[in-house]
Amino acid sequence: MIRSVTAQSPSSRATPPAPVIDMSTDLAGVLLPSPVLTASGCAGAGRELDQFFDITEIGAVVTKSIMLDPRSGRGTPRMAETPSGMLNSIGLQGPGVEVFLDKDLAWLRERGARAVVSIAGGSVDDFTRLASRLRHVSDIAAIEVNISCPNVESRGHVFACDPVAAADVIAAVRRNTAPGVPVFAKLSPDVTDIVAIAHSVVDAGADGLSMINTLLGMVIDTDTMRPALAGITGGLSGPAIRPVAVRCVYQVHAALPHIPILGMGGIRTGLDALEFVLAGASAVSVGTVSFHDPSAPARVARELAQALADRGFGSLTEAVGYAHRSHTAVPSARAERVYSPDGTQHPREAVEVEDLDPEFEAGAEG
Ligand SMILES: Cc1cc2nc3c(=O)[nH]c(=O)nc-3n(C[C@H](O)[C@H](O)[C@H](O)COP(=O)(O)O)c2cc1C
């Protein structure tokens, strides 16, 4: 699945024009012209992807999670292929915040790209110091707080899996971040009740939610009969996790409809992105697919615009959370066709929805 790629000539960047549709989105007060962002850790600081498309045209680059000090990450092998996905245990390798600011953020600023800075730490104090360091740095559109890290002060329990620890981190970051810069808490799907974690971080001051981070997984090499990754377990990403991610976004949007969600997990195409938007995401991040198609963020943005136009939406915002609404199988009078999830088209009347059984709506079937 992973292959090395080489830069294309500028002429090969030529792409068909996107349909005219308002794709702008508001992420907790930050207005982005496009709802498609990169996913943290899958695009560095955007420099490599800029060879394949104009990085200033996507919503923002979400940078690899940065820590206070340089880290070499985990041992190798750090990646394993899985059915429709990928397992990684990079271990937050990075240059530390000072080098990040001097090199990566400076490059993004010079290039004119919007930056969402992802931060990670092993203690509440780490997060506090990182947020304080970033407080007076200009040109940061938002902070994404990667709370899927082990808390060194609590026997390595992951912050994102404990509502109190997650809230402590978010409260500290919010307190130490400039008021105009939104703080997004990045949630882990490895919890029994993601809605409870979402409530907890929002109560602690999160302005928005990013979801989902990778799921904890493991591969055993049947030749060596040992774990395939040096880190033994790793984070599962790619299309294999998309239904889990869509479910998380749907559940959290139902509970907290006014909190903006940046959705991610296995998005490869515009239709994949549309699923997240219909579930309640105001924007999406494109991650693993970029390893084999580095032009994916720009392509997904075009395809999403087309998919919205095909379904009669005049703007992205009209579609956010659409899957929660009953009685309206088509978005507006503009729609001449409606689409089933399998991609087939029907006359509008044929798919008008009935009231759902309340038990079914509550997810009682599973
Ligand atoms: C190689 C790799 C490195 C990642 N590094 C980070 C990271 O530094 N911080 C973070 O919050 N998420 C990180 N992620 C998770 C992604 O941002 C994203 O949440 C997840 O992969 C699901 O999206 P995808 O299936 O489109 O990749 C990483 C994922 C991959 C595959």
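Analyst: In this predicted model, eight strands make up an open sheet with parallel pairing, in the order E3-E18-E17-E12-E11-E8-E7-E4. Strand E3 (36-38) and strand E4 (61-62) are the edge strands, each of which pairs on one side only. Within the sheet, strand E8 (residues 142-146) and strand E11 (residues 183-187) run parallel and are joined by four bridges. In this pairing, Val 145 stands opposite Ala 185 of E11.

Two helix pairs can be described in the same terms. For helix H3 (residues 163-175) and helix H4 (residues 194-203), the axes come within 8 Å and cross at roughly 30°. Angles under 35 degrees count as roughly parallel, and H3 and H4 are therefore roughly parallel to each other. The crossing of H3 and H4 is right-handed. On the H3 side, Pro 163, Ala 166, Ala 167 and Ile 170 take part, and they meet Ala 196, Ile 197, Ser 200, Val 201 and Asp 203 of H4. By class, this contact of H3 with H4 comprises seven nonpolar residues, one polar and one charged.

The second pair is formed by helix H5 (residues 242-255) and helix H6 (residues 270-279), which pack at an angle of about 20° with their axes 8 Å apart. H5 and H6 are therefore also roughly parallel to each other, and their crossing is right-handed. H5 contributes Arg 242, Val 246, Val 249, Tyr 250 and His 253 to the contact, while H6 contributes Asp 272, Glu 275, Phe 276 and Ala 279. The residues of the contact of H5 with H6 divide into five nonpolar, one polar and three charged.

The ligand remains to be described. It is surrounded by 26 residues, of which Gly 41, Ser 65, Ser 237, Gly 287 and Thr 288 are the closest. Strand E6 (85-88) and strand E16 (233-237) each supply at least two residues of this shell. By class, the shell around the ligand consists of 15 polar residues, nine nonpolar and two charged.

Technical notes
Residues numbered from 1 in each chain as written. Predicted model: local features only at pLDDT ≥ 70, side-chain atom pairs only at ≥ 80, totals over all residues. Near = placed C-beta within 6 Å. Nonpolar A, V, L, I, M, F, W, Y, C, P; charged D, E, K, R; others polar. Axes fitted to C-alpha atoms, helices over the stretch in contact; angles between N-to-C directions. Parallel < 35°, antiparallel > 145°, perpendicular 65-115°, else oblique. Left-handed = near helix turned anticlockwise from the far one by under 90°. Contact = placed C-beta atoms within 7 Å. Pairing = 2+ DSSP bridges.
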